[in-house]
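Trainee: Could we go through this one together, slowly? I would like to see how you read it.

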Amino acid sequence: MSALVCVARIGAAHGVRGAVKLWTFTEDPFAIRRYGPLLSKDGKRQFEVAAAREARDHLVATFKGITTRDEAERLNGIELYVPREKLPATDADEYYHTDLIGLAAVSIDGDVLGRVLAIHNFGAGDIIEIAPPKGTTLLLPFSNAVVPEVDLKGGRVVIALPQEIEGDDADEAPSASRPREGGDP
């Protein structure tokens, strides 16, 4: 089976007839109906959307074979996946996380920095997490300035490590709780 991509997460039951809140991670929330059966992370369970309607920040959906609130409640928290090849092609400078995870990370000079462990977004833009051969992971902005090249065919990303900025007082010890100044615009 090809790589699976998470396209939605089932939330709490909605009503008494088996509907659930459904958070989609697709550009078009209703696209999940076009991908065919949705799979659990392990690929052992399949879910087919019977109906979906828009709510405030999610969909309210029913799945074939789920007809009661009790059945719907047992689905809460399940992430839904589709095989990568069922997803549309990306535009230039757009990537699915699954395409980036596992790529080698190298510096502009070609030095090995590690492997891409994950892509995160905590609300202020994408962050690339790199696991070096030794030491703690690196968390860097996933921007054109820091990641000037993504070579999917070559299996690598090129990283332009940002320069650290010294504080005003050279004698002052750095504080782990104070955010570093500078960074990506």
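Trainee: Okay, starting with Glu-73: what does Glu-73 count as, buried, partly exposed or exposed?

Mentor: Before anything else, please keep in mind that this is a predicted model. Glu-73 counts as partly exposed, because its relative accessibility is 41% and that class covers the range between 20% and 50%.

Trainee: And which residue does Glu-73 meet in a salt bridge?

Mentor: The partner is Arg-69, and the side chains of the two residues meet with a distance of 3.1 Å from N to O. Arg-69 is itself partly exposed, with a relative accessible area of 33%.

Trainee: How far apart are Arg-69 and Glu-73 in helix H1?

Mentor: They are four residues apart in helix H1, which covers residues 69-73, so about one helical turn separates them.

Trainee: Switching topic, how many aromatic pairs does the structure hold?

Mentor: The structure holds two aromatic pairs. In one of them, the rings of Phe-47 and Phe-63 have their centres 5.7 Å apart and their planes at 65°, so this pair is edge-to-face. Phe-47 belongs to strand S4 (residues 46-47) and Phe-63 to strand S6 (residues 59-63), so the pair ties together parts that are 16 residues apart in sequence.

Trainee: Why does that angle make the Phe-47 and Phe-63 pair edge-to-face?

Mentor: Planes over 60 degrees apart count as edge-to-face, and the planes of Phe-47 and Phe-63 are at 65°.

Trainee: Is Phe-47 buried or exposed? And Phe-63, buried or exposed?

Mentor: Phe-47 is buried, with a relative accessible area of 5%, and Phe-63 is buried as well, with a value of 2%.

Trainee: What about the rings of Tyr-95 and Phe-142, how are they placed?

Mentor: Their centres are 6.5 Å apart and their planes are at 75°, so the pair of Tyr-95 and Phe-142 is edge-to-face. Tyr-95 lies in the loop between S7 and H2, and Phe-142 in the loop between strand S11 (138-141) and strand S12 (149-151), so the pair ties together parts that are 47 residues apart in sequence. Tyr-95 is partly exposed at 24% relative accessible area, and Phe-142 is partly exposed at 22%.

Trainee: Last one: which residues gather in a patch of negative charge on the surface?

Mentor: The patch of negative charge on the surface is formed by Glu-27, Asp-91, Asp-93 and Glu-94. Asp-93 is found in the loop between strand S7 (79-83) and helix H2 (97-100), and with 58% relative accessibility Asp-93 counts as exposed.

Technical notes
Residues are numbered from 1 along each chain as its sequence is written. This is a predicted model: local features need pLDDT of at least 70, side-chain atom pairs count only at pLDDT 80 or more; totals for chains, interfaces and linings use all residues. Side-chain values use heavy atoms; hydrogens and water are left out. Patches are made of residues with over 30% relative accessible area and no salt bridge: like charges are joined within 9 Å, nonpolar side chains (Val, Leu, Ile, Met, Phe, Trp, Tyr) within 5 Å. Accessible areas come from the Shrake-Rupley method with a 1.4 Å probe; for residues, only the protein chains shown count as cover. A salt bridge is a side-chain nitrogen of Lys or Arg within 4 Å of a carboxyl oxygen of Asp or Glu. Lys and Arg count as positive and Asp and Glu as negative; His and the chain ends are not counted. The place of a charge is taken as NZ of Lys, CZ of Arg, CG of Asp or CD of Glu. Helices (H or I, at least four residues) and strands (E, at least two) are DSSP runs, numbered from the N terminus. Buried means under 20% relative accessible area, exposed over 50%, partly exposed in between (1.4 Å probe, protein chains only). Rings of Phe, Tyr and Trp (its six-membered ring) pair if their centres lie within 6.5 Å; planes under 30 degrees apart count as stacked, over 60 as edge-to-face and the rest as tilted.
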